[in-house]
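Student: Could you walk me through reading this structure, feature by feature?
Tutor: Gladly; let us look at it together.

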Amino acid sequence: MEFIENLFNKYSPLNDNENVTKRAPVEYENRSIYYGEWILVNNQRHGRGIQYWLDGSRYEGYWKNDKANIKGMLYHADGDIYEGEWLDDKAHGFGIYTHTDGAKYEGYWKEDKQDGKG
């Protein structure tokens, strides 16, 4: 759980006037596990959090409306990493994608696809 606490130190709280709380880890039907902040009124992930999938993938960062939003990092099971902006569970905005072989794309994304020059 120390890793989870370090996440909360790495990302500052969202300043959106929502009343959030941390709660026990939640396991989903696909067996992924989410640790983090929630809006209890509508039972949605909101604020700082981390989600693990069975294949070894991991997203850490901000959540809003129960989806990855604002900014965060996705560690793919194959070792590739995307760090940047998110909108509704998709890379969207500025981000850096680093492949395990060292190749890198640094630039803009739109709905999970590279967009423009990078």
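Student: What share of the 118 residues in the chain is buried?
Tutor: A residue counts as buried under 20% relative accessible area, as exposed over 50% and as partly exposed in between (1.4 Å probe, protein chains only). In this chain, buried residues make up 36% of the 118. Keep in mind that the model is predicted: local features need pLDDT of at least 70, side-chain atom pairs count only at pLDDT 80 or more, and totals for chains, interfaces and linings use all residues. Residues are numbered from 1 along each chain as its sequence is written, and side-chain values use heavy atoms, with hydrogens and water left out.

Student: How many helices and strands does the chain have?
Tutor: Helices (H or I, at least four residues) and strands (E, at least two) are DSSP runs, numbered from the N terminus. Here there are one helix and nine strands, in the order α-β-β-β-β-β-β-β-β-β along the sequence. The chain is as compact as a globular protein of that length, because its radius of gyration of 14 Å is close to the 13 Å from the globule rule for 118 residues. That radius is taken over C-alpha atoms, and the rule is 2.2 Å times the number of residues to the power 0.38.

Student: Which residues have the most contacts inside the largest nonpolar core?
Tutor: A nonpolar core is a set of buried Ala, Val, Leu, Ile, Met, Phe, Trp, Tyr and Cys residues joined through side-chain atoms within 4.5 Å. The largest one has 13 residues, and Tyr59, Tyr82, Trp86 and Trp109 have the most contacts inside it. Elements giving two or more residues to this core include strand 2 (33–39), strand 4 (58–64) and strand 8 (104–110). There is also a second, separate core of seven residues, with Leu7, Tyr11, Ile50 and Tyr75 among them.

Student: What is tryptophan 86 in contact with, leaving aside its neighbours within four places in sequence?
Tutor: Contact means heavy atoms within 4.5 Å. For tryptophan 86, the partners include Tyr59, Ile70, Met73, Leu74 and His92.

Student: Is threonine 98 buried, exposed or partly exposed, and what is its relative accessibility?
Tutor: Threonine 98 counts as partly exposed because its relative accessibility is 26%. Its place is in strand 7. Not counting residues up to four places away in sequence, threonine 98 touches Asp80, Ile81, Ala103 and Lys104. Threonine 98 and isoleucine 81 are 17 residues apart in sequence, and their C-alpha atoms are 5.3 Å apart in space.
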